[in-house]
Amino acid sequence: MKRIYGLIRKLGATSKYKGYFFVAEAVKISMRHQYKPMHITKDIYPCLATKYKSTPTNIEHDIRTLINVCWEGNKSFLDEIAGYPLEYKPTNSQFIDMLAYYLREMEEENWSQFFKKYLILVQKMENHIIPELFRLFGH
């Protein structure tokens, strides 16, 4: 959740908006069920409404308010997250999907960089250790 909250903050929104928590939770749900079609009005709003003791209508409104704040707060970063310049404010489901996709991509990129560094380290170790073993054991 920390990464999700950080992303929302970079977009210019803070926890003073109820939608801050609702979007974070919706993105988390979306990421958890990335291979299953999710319907925001049938799957996500009712789930959040139950969890936060609210109504699906209020959840929808608060998420829309947060999107407005992000649109005004850091549109250039929102364009970067979308992968293209946005002409119109995204809908609630588009916004949640964009954030979830962006975070998944960043996660995959981080793992890729980690493994590249790991392989370089292993190669350096092999280049040092294997010749040393041959020197010590004479094979």
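Student: Let's start with leucine 99: which helix is it found in?

Tutor: Leucine 99 sits in helix α6. Helices (DSSP runs of H or I, at least four residues) and strands (E, at least two) are numbered from the N terminus. Before we go on, two notes on the source. This is a predicted model, in which local features need pLDDT of at least 70 and side-chain atom pairs count only at pLDDT 80 or more, while totals for chains, interfaces and linings use all residues. Residues are numbered from 1 along each chain as its sequence is written, and side-chain values use heavy atoms, with hydrogens and water left out.

Student: How many helices and strands does the protein chain have?

Tutor: There are 6 helices and 0 strands. Reading along the sequence, you get α-α-α-α-α-α.

Student: Is leucine 99 buried or exposed?

Tutor: Here's the idea: buried means under 20% relative accessible area, exposed over 50%, and partly exposed in between (1.4 Å probe, protein chains only). Leucine 99 has 0% relative accessibility, so it counts as buried. Across the 139 residues of the protein chain, 32% count as buried.

Student: What is leucine 99 in contact with, leaving aside its neighbours within four places in sequence?

Tutor: Contact means heavy atoms within 4.5 Å. By that rule leucine 99 is in contact with Leu7, Ile8, Leu11, Val23, Val27 and Ile81. Here is another way to look at it: leucine 99 and lysine 28 are 71 residues apart in sequence, and their C-alpha atoms are 9.7 Å apart in space. For the chain as a whole, take contacts between residues at least 6 apart in sequence: 57% of them join residues at least 24 apart.

Student: Which residues have the most contacts inside the largest nonpolar core?

Tutor: A nonpolar core is a set of buried Ala, Val, Leu, Ile, Met, Phe, Trp, Tyr and Cys residues joined through side-chain atoms within 4.5 Å. The largest one has 37 residues, and Ile8, Val27, Phe95 and Leu99 have the most contacts inside it. Two or more core residues come from each of α1 (2–10), α2 (18–32), α3 (40–51), α4 (56–73), α5 (75–82) and α6 (92–137). α2 gives the largest share, 8 residues. As for phenylalanine 95, it touches Leu11, Val23, Leu66, Ile67, Cys70, Leu78 and Pro90, not counting residues up to four places away in sequence.

Student: And how many aromatic pairs are there?

Tutor: A pair of aromatic rings is described by the distance of the centres and the angle of the planes. Rings of Phe, Tyr and Trp (its six-membered ring) pair if their centres lie within 6.5 Å; planes under 30 degrees apart count as stacked, over 60 as edge-to-face and the rest as tilted. The count comes to 5 aromatic pairs. In one of them, the rings of tyrosine 5 and tyrosine 20 have centres 4.9 Å apart and planes at 10°, so the pair is stacked. Tyrosine 5 lies in helix α1 and tyrosine 20 in helix α2, so this pair ties together parts 15 residues apart in sequence. Ring pairs also link Tyr5, Tyr20 and Phe21 into a cluster.

Student: What about the pair of phenylalanine 22 and tyrosine 52: what are its distance and angle?

Tutor: That pair is edge-to-face, at 5.0 Å centre to centre and 65° between the planes. Phenylalanine 22 lies in helix α2 and tyrosine 52 in the loop between α3 and α4, so the pair ties together parts 30 residues apart in sequence. Phenylalanine 22 is buried at 5% relative accessibility, while tyrosine 52 is partly exposed at 30%.

Student: What else is in the loop between α3 and α4?

Tutor: Lysine 53 has its place there. Lysine 53 has a positive phi of about 50° although it is not a glycine, and it is exposed, with a relative accessible area of 77%. Serine 54 is in that loop too. Serine 54 is partly exposed at 25%, and it touches Ala49 and Ile59, not counting residues up to four places away in sequence.

Student: Which residues of α5 are buried?

Tutor: Phe77, Leu78, Asp79, Ile81 and Ala82 are the buried ones. After α5 comes glycine 83, with a positive phi near 90°.
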